[in-house]
Amino acid sequence: MTSASLPTSSEQGGAPTRPARRTVMAAAGAAGLAAALTACGSGDDSSDSVVTGAGSAQEGGGSAGGAALARTADIPEGGGKIFKDQGVVVTQPTAGTYKAFSAKCTHQGCAVGSVADGVIVCPCHGSHFSAEDGSVKKGPATQPLAAAKISVSGDEIKLA
């Protein structure tokens, strides 16, 4: 008997056959691909964020909730600091001007790794972003970092 003429378990009156290993592996691969594409980001360019300079009032009045993220002295001029737990990077592109962006690279979702000389760098694939506005300075990323809302009051920087 050749393998083509062998009866299946369902033809023998037994339990129905299980899906082939190849089918299971293909389904698992498709699920993994869907998860990876979801992690790449939405590409939503809506930026309804408020970025305030030192001593300026936050829109909408009131104070920002939560504890201080940093002191203004913690953020070097021309550089910045990454707050991994909060998922933000705070920069000071020029003296007294503070900006905040998502710390998630828009290329493949890696956390950015450093900020210096006006550039936010992703260590995974080398994307560079402007510390002033989050725009892409060097790919492979094609979308800017999303702006984050912060408020600066005195020497305290808080997430808004």
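In strand β8, K138 is the bridge partner of H128. The strand that pairs here with β8 is β7 (residues 128-130), and the two run antiparallel, joined by two bridges. Strands are taken as DSSP runs of E with at least two residues, numbered from the N terminus, and two strands pair if DSSP finds at least two bridges between them. The model is a predicted one, in which local features need pLDDT of at least 70 and side-chain atom pairs count only at pLDDT 80 or more, while totals for chains, interfaces and linings use all residues. Residues are numbered from 1 along each chain as its sequence is written, and side-chain values use heavy atoms, with hydrogens and water left out.

Both strands belong to an open sheet of four strands, ordered β5-β6-β7-β8 with antiparallel pairing. At its edges lie β5 (114-116) and β8 (136-138), each of which pairs on one side only. From one strand to the next the twist averages 30°, with axes given by lines fitted to C-alpha atoms and angles running from 0 to 180 degrees between N-to-C directions.

Strand β9 (residues 150-153) pairs with β10 over four bridges, and S153 stands opposite E156 of β10. Two residues lie between the strands of this hairpin, where G154 takes a positive phi near 65°. Strand β10 (residues 156-159) is also joined by two bridges to β1 (residues 70-71), again in the antiparallel sense. In this pairing, A70 stands opposite I157.

Turning to the cysteines, the count comes to one disulfide, defined as a pair of cysteine sulfur atoms within 2.5 Å. This disulfide is formed by C110 and C124, whose sulfur atoms are 2.2 Å apart. The torsion about their S-S bond is about -105°, so the disulfide is left-handed. C110 lies in the loop between β4 (97-102) and β5, and C124 in the loop between β6 (119-121) and β7, so the pair ties together parts that are 14 residues apart in sequence.

With a relative accessible area of 18%, C110 is buried, whereas C124, at 38%, is partly exposed; buried means under 20% relative accessible area, exposed over 50%, and partly exposed in between (1.4 Å probe, protein chains only). C105 is in no disulfide, and the nearest cysteine sulfur, that of C122, is 3.8 Å away. C122 likewise is in no disulfide. C105 counts as buried at 3% relative accessibility, and C122 is buried at 3% too.
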